[in-house]
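Please keep the sequence and the structure at hand while reading.

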Amino acid sequence: MVKGLYTAYTGMINEQRRMDILSNNLANADTNGYKKEGATSQTFADELAIRIKDSSVHGIPQRLGDVSLGVHIGETYTDYTSGNFRITDNQADFALRGDGFFAIAYTDKAGNSSVKYTRDGAFVVNRQGYLVTKDGDYVLSMNDARNGNAGGRIQVDPNVKIVVDEFGNIFQNNQQVANIGFVDFEDYNYLAKFGENMYDLVEGGTVTESDAQIEQGIIESSNVNVVSEMVEMISVSRAYQAGQKMINAIDETLGKAVNEVGKI
């Protein structure tokens with residue numbers, strides 16, 4: 001066994017997965033409320049060598065030994081820091097200044113509704129007066145958001161201007177008519193990405209009150225820094241090329257060992 005081949009192989013696979021994450025971040029650089037992802041690499045000491053594509057034992061990878069020969073993605077994480085705020089002056093656009101998420105009643109193609117969460121506050125008031133997302137999913141009220149009730153609705157007069165204070169209370173003609181639901185979570189590790197910019201709370205997650213403040217007429221942009229992501233992509237590309245050069249060098253060495261040294 002040539003250990004250098006395994007080292008180069010695992011390194012190239014690691015860089016390929018990092019490149020996939022960076023590409024996804026760049027693709028969503030203009031997605032409202034998108035939170036970029038990052039990746040960590042597992043240390044050499046924790047990575048045990050295995051036989052690649054070995055099907056001799058029911059397809060289960062078998063160890064070559066307790067020698068550290070490579071690296072791989074240790075963890076993929078989400079950066080929940082806030083993106084830049086962009087002024088739109090649209091009365092149905094909102095942003096959360098602080099930790100928290102808007103609660104949405106997402107309806108799938110089968111007609112089933114469930115509560116999802118997002119930082120994208122680009123809402124609209126439809127003809128019936130319901131506050132919905134650009135995809136037509138209903139925005140939940142504060143009580144519905146805290147209780148996880150996907151059947152809640154926020155309805156206003158579509159012909160009257162709405163004013164929303166920092167607590168999410170909606171006013172029309174100086175009268176409170178509804179409030180916008182937004183919540184936070186005890187542990188963000190229980191959030192799973194759903195679609196482009198929504199999140200699903202998996203089993204074990206706990207909803208808590210949010211101390212964020214709502215800004216009206218403002219949209220939160222993606223927190224992806226295009227320049228830093230592209231610089232990182234260049235670094236990943238060079239690391240991948242280094243792995244290729246290592247494999248080519250080992251291949252040439254093996255070729256000489258077989259074709260030249262073997263003749264002696």
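## A buried tyrosine and its partners

Y199 counts as buried, with a relative accessibility of 2%, where buried means under 20% relative accessible area, exposed over 50% and partly exposed in between (1.4 Å probe, protein chains only). The model is a predicted one, in which local features need pLDDT of at least 70 and side-chain atom pairs count only at pLDDT 80 or more, while totals for chains, interfaces and linings use all residues. Residues are numbered from 1 along each chain as its sequence is written, and side-chain values use heavy atoms, with hydrogens and water left out.

The rings of Y199 and F101 have centres 5.6 Å apart and planes at 70°, so this pair is edge-to-face; rings of Phe, Tyr and Trp (its six-membered ring) pair if their centres lie within 6.5 Å, with planes under 30 degrees apart counted as stacked, over 60 as edge-to-face and the rest as tilted. Because F101 lies in strand β7 and Y199 in strand β17, the pair ties together parts that are 98 residues apart in sequence; strands here are DSSP runs (E, at least two residues), numbered from the N terminus. F101 is likewise buried, at 2% relative accessibility.

The structure holds twelve aromatic pairs. One of them joins Y80 and Y199 in a tilted arrangement, 5.8 Å centre to centre with 50° between the planes, and it links the loop between β4 (73–78) and β5 (85–87), where Y80 sits, to strand β17 (residues 198–201), 119 residues apart. Y80 is partly exposed, at 21% relative accessible area. Y80, F101, Y117, F185, Y188 and Y199 form one aromatic cluster.

## Nonpolar cores

A nonpolar core is a set of buried Ala, Val, Leu, Ile, Met, Phe, Trp, Tyr and Cys residues joined through side-chain atoms within 4.5 Å. The largest has 18 residues, and F94, F102, I170, I180 and I214 have the most contacts inside it; β6 (93–97) and β7 (101–107) each supply at least two of its residues. A second, separate core of 13 residues includes F101, A105, V115 and L201.

Key
Helix = DSSP H or I, 4+ residues; strand = E, 2+ residues; numbered from the N terminus.
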